[in-house]
Amino acid sequence: MTDNNDELQRLLPTLPPEELARLLATYGAPPPPAIEVDQSGHSGGNSGGAANTYGDQTQIGDTVHGPKIEGGVESERDTNLAGRDQIINNFYGADAADVAPLLRSYLAELAGTCDRLALADTDSDDPHKAALKLQAVYVGLEVRREVALPPEDPQQVRERAIKVIKDWGYASPEAYAAAYDVSLETAINHVIKQLNPREQQRRLRAVEVLAAHPRLVITGAPGSGKSSFVNFVSICLAQAWIGGADWLDHLGADWPHGRLIPIRVVLREFAHWLAGRAHPASVDPALFWQWLEHGAGHPRLLVQHLRAAFADGQAILMLDGLDEVSSDATGQPLRHLLAIITTLANGQGRCVLTCRVLDYQRPERQLADWPVEEIAPLALSLRDQLIAQWFAALDVLKRPMRGNADTLRDGLQRAIRVRPELQRLAGNPLLLTMMARLQAHDGDLPGEQVKLYERSLTLLLLQWRRDALGRTALGEQLGLPQWSDSHMDRLLDRLGYVAHTRGVSGDAEQGADLPRSVLRDAAEAFFDAYGSDQSVIRAQTFLNYISAHGNGVLQQHDQKIYRFPHRTFQEYLAGRRLMSDEGWEHADEQEFVDRVLKVSAEGPQWREAVLLAISDYAIRGQTRPALNVSEELLRRAEREGHGRDTILAAEVLLEVGRERVMARSPELWQRLRRAITALLQRRTPDGSATHPVAERVRAGFLLGQLGDERMPVRSAEWQAHCTQRSGDGYFCPIPAGNYQIGSSDDDPDADDDEQPQHTVKLEAYWIARFPITNAQWQEWVAAGGSPARYADDDDVNQPNQPVVGITWHEANAFCDWLTTQVAAVLPAGYVVRLPREAEWETAARGPTGWRYPWGATWQPDCAAMGDDQDARGAYWTVPVGCYPSGAAACGALDLAGNVWEWTCDRWQSYPNAKKPFTQEKFVVVRGGAYYSNRTYVRCGAHGRLLPDAWDDNDGFRVVVAPPLAQTS
């Protein structure tokens, strides 16, 4: 009987009424479960796909799902669902009878809420036209982390390897094998391993990482789609309960957890409720469930049911928008909210939380031991898919477009491929959505982000700027015949600024709350300028107008709350308000620079608004406001020591552009470049880095755009540094002498090939402070050298990242070329070359023989390696020199982590080794890479590669030393 009941319980939600009644009559009612979850795996589907939804019906293939009203009667499917619920209720008793409709209503409302596109359709208020919904345009998002792809067809891989061998200049694979004295299969298999390794990887899908972790933080840039992802998963899970298990197919085989109940929470709403309560000494997770009942207004019986389901591991908390949660001087309500979330997550239930990248890098917002995955920019295939789905949806809904949908789609996809300024924006789902809407409406696109916002805002406000549906114009309702678009813009700017100032700003898909009273007061203050005797009436008229005619800019959420559904639009409006000199009350708000200094001191939530304002000024040719802001931010940074001010000052100048700044204030560009360099290098008296690693890495990338002067690039600069050769220059001196290399017997991580420890005699030499960078390599490419294989990969090709994707032969060729450029200033008998293994290790260990470049013991925040991939905010390599606390005694940086470094030695055992070996076909590499663990970033650790190998983690640095024939 137990087995029968278990089987019946599993089948209950899917059986048609008549079959359910027969089974219940045969076996009797099983004990009522807290909730049923199908824990079996699901096959089929693809996280990159989505149903196309038009109105209330969802079309998947040739089948239409969802309620379909015909002649005022529900479809047979809905009748079956209702009958099934009734049968279950009859057998489960009063509580189940009460819970079933409550749960069904809750899930239906949740699915409907999540399905609304905040970027409103300009015709969506027409009752005769179905609204465009999220499902119609959603594409499967990816995170930045990558995994290996399944293997290709072996024969195709073999053919590719043979082609590569011939491209290398060998007559045949047999000739290549003979050159390395290995078998044909060994040679081909080696080449197969080197076949464009990054093309043999793929980014993880967001659904994959959600399924893999019981607790997860999803971060992303503004508009990256974090909330859309949470919403889409919530729709699929909710509809799987009320619309059938086939909805899980939209999550694909990545989702093995069945029909978990989604409990979606907008965190700013929970935080607002918490802020009104006294903060207890101990954390009570029951407060969350109390908020669902008393704050969110859900029935007690439903909340009890959700709580039990979550405790049983049969529900998932979708916690959206941690960056929206404010924090006062005591850290509240943020601290209280995070404590409650941490306690809730200690149970069986699954939790996912979203937050903007920069906000989550702040220590006070982080959740200990929660994995973090960052949403990646859309790959080209996903960009094309999103564009295609937008135009298909607009076409099916018969929206007006300036041309044929297919032609407009192809035109946008082609424009993004050929216009670099659009490529920079198109990886962001929100900005790409704006492009699609503007392409459909206008037939062309601006190239600047701020102009994209401006024209998108104009499009969304068409509902308030036309009388297509016979409405009375807003200006007429306000009694202001002179009312124009500029008046509307200034009012919206004020409201956007007020919303942003409140500190409860939302993400790209969820926006800020404006209580009715706050909105009314702001509107009233604005209308005072048009006659204070009518300001109250006009403010109320405006609120009534918003309620009647919403759009994608400002909408009524409920009777008390209004919202800017997109944080990015709110930021754009707040930035425009910063530019206006009208209506500022306080003395410290009279000038643009004063306003920027004031708001930027409040934290990173103002960064986007400030940069959008700067961009707007720059497009107008007004550079002075930006220069003043940058200079004052830099002064404050020098006075108070905040790295964020230095970084924002640099971002402001880069937003203006190098040419414009250099034409007006070249000294400011230079001063800021020095300040960013100092930020990277600054250390406390105990040797620790002054600024957090994420801040240093951001500064490093900015320095690459400003022009990194820490390393020589042009021939004249190389000559100057080769002449200097002091401890403070690019080349770090190592005196002649006897040095110990190899790992000692007391090193528990040492491999046999690292031992024994022994003494080597070295002549004086100088080792480069950093690995060779992309900018340095490009100078050689311009002189006829070989391009790096990742020169077009934005993850690793920034100017001051170490060059990767080069072979040992190419590194040696670079050294030979560089020697010719600086021969006149080198010491007699010296050249530029790769370091010997003993030279590399001596520079790393220092005169005292340290285990790590920075000392005898492991220390955090000293190397770009696996331990700190989440903290540094960059998955791949980072700009050189971002870890000042990892400096070796000689001053060289990045000897641990970032990239493996080629040496000039072949792979062989040390003298007197217990197991002697010689493998001349391999070359030694040193130092570990951005993903390595602590074992491989030790000074004594080494690896081996064939000299033709290349990857995204292999680089090199140079030494000025005697030629190999003259070394001891």
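A crossing of two helices is left-handed if the near helix is turned anticlockwise from the far one by less than a right angle. In this predicted model, the crossing of helices α28 and α29 is left-handed. Helix α28 spans residues 624-640, and helix α29 spans residues 643-656. The two pack at an angle of about 165°, with their axes 8 Å apart. Angles over 145 degrees count as roughly antiparallel, so α28 is roughly antiparallel to α29.

Both helices supply residues to the contact. From α28 come Ala626, Leu627, Val629, Ser630, Leu633, Leu634, Arg636 and Ala637. From α29 come Asp645, Thr646, Leu648, Ala649, Val652, Leu653 and Val656. By class, 11 of these residues are nonpolar, two are polar and two are charged.

Glu571 lies in helix α25, which covers residues 567-579. Its relative accessibility is 1%. Glu571 therefore counts as buried, since the cut-off is under 20%. The side chain of Glu571 forms a polar contact of 2.9 Å with that of Arg356. Beyond residues up to four places away in sequence, Glu571 touches Arg356, His500, Gln605, Glu608, Ala609 and Leu612.

Gly943 is placed in a strand, β21, made up of residues 942-945. Gly943 has a relative accessible area of 14% and is therefore buried. Leaving aside residues up to four places away in sequence, Gly943 touches Trp900, Trp907, Val923, Val924 and Val925. Glu754 is 189 residues from Gly943 along the chain, and the C-alpha atoms of the two are separated by 9.9 Å.

Note on methods:
Residues numbered from 1 in each chain as written. Predicted model: local features only at pLDDT ≥ 70, side-chain atom pairs only at ≥ 80, totals over all residues. Heavy atoms only, no water. Axes fitted to C-alpha atoms, helices over the stretch in contact; angles between N-to-C directions. Helix = DSSP H or I, 4+ residues; strand = E, 2+ residues; numbered from the N terminus. Parallel < 35°, antiparallel > 145°, perpendicular 65-115°, else oblique. Contact = heavy atoms within 4.5 Å. Nonpolar A, V, L, I, M, F, W, Y, C, P; charged D, E, K, R; others polar. Buried < 20%, exposed > 50% of the residue type's maximum accessible area, 1.4 Å probe, protein only. Polar contact = N/O pair within 3.5 Å; in protein donor to acceptor, adjacent residues only side chain to side chain.
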